[in-house]
Amino acid sequence: MASSGAPARPGGSWVQERILLGMTMREYLVSLWTPFNVVCAAILAVGVPLIVYRFAAGLGATTNLSQTQPWGLWIGFDMMTGIALAAGGFTIGAAVEIFNLEEFHAIERPAILTGFLGYLMAVIGLIADLGKPWNMVGIFSNNGTQSVLFEVAWCVACYTTVLFLEFAVPLFEWLGWERFYRPLKKLLLALTVLSVMFSTMHQSALGSLFIIAPHKLHPLWYSGQIFIFFFISAVIAGISMVIVESTISHQIFSDQLEGHHVDIEKVTFGLAKAGAVVMFAYFFLKLQGVIDNHALGLIGVGFYGKWWLLEMLGFVLLPSLMYAWGARYRHITVVRVAAILGVVGIVLNRLNVSLVAYNYNQPVRYWPSWMEIAVSLMLVVVGVLAFRWIVLRMPVLSPMKEQAGSHGGTP
Amino acid sequence: MKLGRRHFLQIAGATGTAALVALPGRTPAADGIPVAGEDESSVLVDTTKCIGCRGCEAACAEANKLPDPPSDAEAFATRRNTGPDCFTVVLRAEKPDGSPRFVKRQCMHCVEPACASACPVRALDKLETGPVSYDGSKCMGCRYCMVACPFSVPKYQYASALPVVRKCTFCSSRQAQGKPPACTSVCPSGALTYGTRGRLIAEARGRVYGNPDKYTPHIYGEHEAGGTNWLYITDITFEKLGFEVAVNDNSYPRLVRGALGVPPVVMTLWPPLLMGLWAFSHRDGKGNGKGNGNGKGGDHG
């Protein structure tokens with residue numbers, strides 16, 4: 001590491017090797033000309049100016065928010081859904097660092113990177129949504145301790161910092177800053193404990209936000225115990241998202257994994273087993289929540305009754321059984337389809353709670369404007385591009401190539 | 001400044017036993033929220049006396065420098081709502097015999113306001129004297145107050161690039177000078193009575209009990225949302241008047257008390273619990289060798 005990293009700064013060699021992937025600038029720019037990149041560039045070309053426009057013209061000009069619908073897609077999708085889908089960082093971190101489940105070690109760094117980028121995009125989406133985001137600093141000085149949002153804000157701020165520090169391990173390794181990354185790596189256990197602590201609090205608190213609005217949220221989704229559902233479903237989201245993400249990563253970045261064998265199927269089956277159990281428990285907990293809320297009679301009744309059944313049967317019970325079956329009979333495709341259903345189910349649940357079943361009794365319903373959708377899409381694209389950029393350069397999916405040999409023997 | 005005496009971070013540092021005390025139902029008034037707000041300034045609205053002159057709307061617009069209210073024809077043509085530039089509206093309902101019954105709506109100024117409890121930066125706050133106040137310079141525009149308010153009162157300036165939340169101020173600056181709110185000072189029919197909450201509840205009870213044939217036996221705001229500083233009595237149903245009849249009778253900030261009891265417990269118990277699990281799962285020392293076998297060689301130095 002020390003020999004190849006830090007001292008080799010002069011000339012274009014470091015940049016060429018570490019940034020341009022060994023190509024010359026010209027070759028690199030040519031290599032960027034792919035259909036996928038063109039589509040991404042188009043989305044960015046629309047989305048980035050829209051953020052500027054939103055701050056120049058205000059929320060009214062860019063969104064379909066109203067006096068009855070104060071929260072729209074940027075909260076419902078970017079924040080609520082983004083944070084849930086980024087739960088893989090703490091789920092896998094805990095499995096590896098605390099529970100010592102070594103088989104998940106190979107997916108720890110990608111899961112943490114997904115988590116970090118997910119939180120970063122959620123925070124950018126939140127900044128776009130806030131009327132005066134610079135006043136966010138008041139969170140740290142005004143003691144709004146009776147607010148669930150106070151808890152969410154503190155935890156998200158702290159946890160994003162923790163995720164950055166966890167991600168800084170491969171980042172510093174890539175930069176060759178050995179002096180920083182070695183001590184940080186020793187802190188990984190402490191960081192993981194903090195990540196589990198903060199995640200427990202804010203993943204659940206995102207649900208608690210709605211406890212104060214009992215008559216605005218449909219009784220099938222409202223529950224005084226919604227924080228328990230949000231936390232458990234965040235674990236489901238983390239597990240499912242890690243399966244989806246590692247499946248895609250190991251196909252797209254297969255050349256990254258050359259000479260570095262990870263039995264990704266074994267890892268996936270392990271995750272599927274955990275997913276099956278957690279989802280199965282979640283299904284019955286949700287049912288218990290409905291009974292507790294005296295809303296059992298509403299299941300299957302009208303649009304919301306049927307919509308709830310679709311969410312719970314199609315995207316919780318079905319993927320749970322598919323996970324169990326797939327893990328039992330070693331059927332990788334079934335597990336991967338279940339993971340996609342699981343991810344869709346979490347997206348559906350967060351959108352249901354914050355948008356679809358919220359204001360269910362209002363005559364005028366909210367539908368996001370094209371600009372809201374474009375900005376949300378842009379943030380997803382930025383996340384995906386950042387993930388790709390980092391994975392192609394930093395030791396996330398596999399160790400730094402030139403050091404793989406020199407490190408095996410050190411511990 | 002009655003809200004949130006319980007300091008998040010202080011509790012974070014407390015022992016597990018102290019943390020458990022924060023669980024729901026143990027200490028109903030421990031954080032300094034008053035039970036009823038007997039001495040807070042309040043208004044009793046007797047809708048049977050309201051003649052629908054809308055003088056209160058005009059006085060409100062003048063006192064708060066808002067645009068002039070619309071004409072009667074326009075105002076009663078549709079069911080209006082308050083807005084960023086309109087803090088109070090007089091609405092028209094109908095009695096069973098078809099004659100009009102008017103009602104003035106504005107912020108209810110809850111004794112335990114959901115909006116102020118939801119505000120993470122305390123831009124919304126409850127004053128000792130009764131009004132729910134708002135400081136736009138603190139507001140970050142999260143609009144959680146709008147989600148939290150059971151009466152959907154706070155309105156947002158979506159059209160502005162520097163937006164703030166807008167709602168009835170209960171003329172707190174006038175009240176601080178010893179003057180009544182602008183609306184109550186102009187009411188010609190005696191529909192609006194300004195006083196302390198305790199006295200006005202007694203007055204409302206007297207009117208309702210004294211005329212059981214006339215009044216609907218309910219004082220709206222006595223218990224709704226844990227009690228509000230604006231109280232209403234009428235001779236038709238409150239549903240017909242367009243009131244939020246589904247509103248809980250208990251305080252809204254208390255709904256989240258259970259959920260807010262979670263962080264102290266988590267912050268106290270998780271670190272030792274997780275470290276214990278770590279020690280348990282690493283008891284045979286096998287953690288030292290991890291990383292070599294599964295290809296993460298660069299990870300352990």
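Trainee: Which domains is chain A divided into?

Mentor: Bear in mind that this is a predicted model. Chain A has domain 1, residues 1–33, and domain 2, residues 73–370 + 378–399.

Trainee: And how far apart do the C-alpha centres of domain 1 and domain 2 of chain A lie?

Mentor: The two centres are 34 Å apart.

Trainee: Switching to the chain pair. How many residues of chain A are in contact with chain B?

Mentor: On the chain A side, 65 residues are in contact with 66 residues of chain B. Elements of chain A giving two or more residues to that side are α3 (35–57), α4 (59–62), α8 (148–175), α10 (188–208) and α16 (404–407).

Trainee: Which of them gives the most?

Mentor: α10(A), with nine residues.

Trainee: How do the residues on that side of chain A divide into nonpolar, polar and charged?

Mentor: There are 35 nonpolar, 26 polar and four charged residues on the side of chain A that touches chain B.

Trainee: What about the largest nonpolar core? How many residues does it have?

Mentor: It has 197 residues. B:Cys115, B:Cys145, B:Ala148 and B:Leu231 have the most contacts inside it. α8(A) supplies the largest share of this core, 15 residues.

Trainee: Take B:Leu231. Which residues is it in contact with, leaving aside those within four places in sequence?

Mentor: Among them are B:Ser42, B:Leu44 and B:Val45. B:Leu231 also contacts B:Leu200, B:Ile201 and B:Ala204, as well as B:Ile219, B:Tyr220, B:Gly221 and B:Glu222.

Trainee: Now B:Glu38. Where does it lie?

Mentor: In chain B, B:Glu38 sits in the loop between α2 (16–21) and β1 (41–46).

Trainee: Why does B:Glu38 count as partly exposed?

Mentor: Because B:Glu38 has 15 C-beta neighbours inside 10 Å. Buried takes 20 or more, and exposed means 12 or fewer.

Trainee: What does B:Glu38 touch, not counting residues up to four places away in sequence?

Mentor: B:Glu38 touches B:Thr196, B:Arg197 and B:Gly198. By contrast, B:Ala61 is 23 residues from B:Glu38 along the chain, and their C-alpha atoms are separated by 29 Å.

Trainee: Last topic, helix α13 of chain A. How many residues does it have, and what is its reach?

Mentor: α13(A), residues 302–328, has 27 residues. From first C-alpha to last it reaches 37 Å, close to the 39 Å expected.

Trainee: Where is the kink in α13(A)?

Mentor: At A:Leu318, shortly before the proline A:Pro319. The kink is about 25°.

Trainee: And what is the phi of A:Arg330, which follows α13(A)?

Mentor: A:Arg330 has a positive phi, near 55°.

Methods:
Residues are numbered from 1 along each chain as its sequence is written. Chains are lettered from A and ligands numbered from 1 in the order in which they are written. This is a predicted model: local features need pLDDT of at least 70, side-chain atom pairs count only at pLDDT 80 or more; totals for chains, interfaces and linings use all residues. Two residues are in contact if their C-beta atoms, placed from the backbone, lie within 7 Å. Helices (H or I, at least four residues) and strands (E, at least two) are DSSP runs, numbered from the N terminus. Ala, Val, Leu, Ile, Met, Phe, Trp, Tyr, Cys and Pro count as nonpolar, Asp, Glu, Lys and Arg as charged, and the others, Gly among them, as polar. A nonpolar core is a set of buried Ala, Val, Leu, Ile, Met, Phe, Trp, Tyr and Cys residues joined through C-beta atoms within 7 Å. The expected span of a helix is 1.5 Å times one less than its number of residues. The bend at a residue is the angle between axes fitted to the seven residues ending there and the seven starting there. Domain bounds come from an automatic or database domain assignment.
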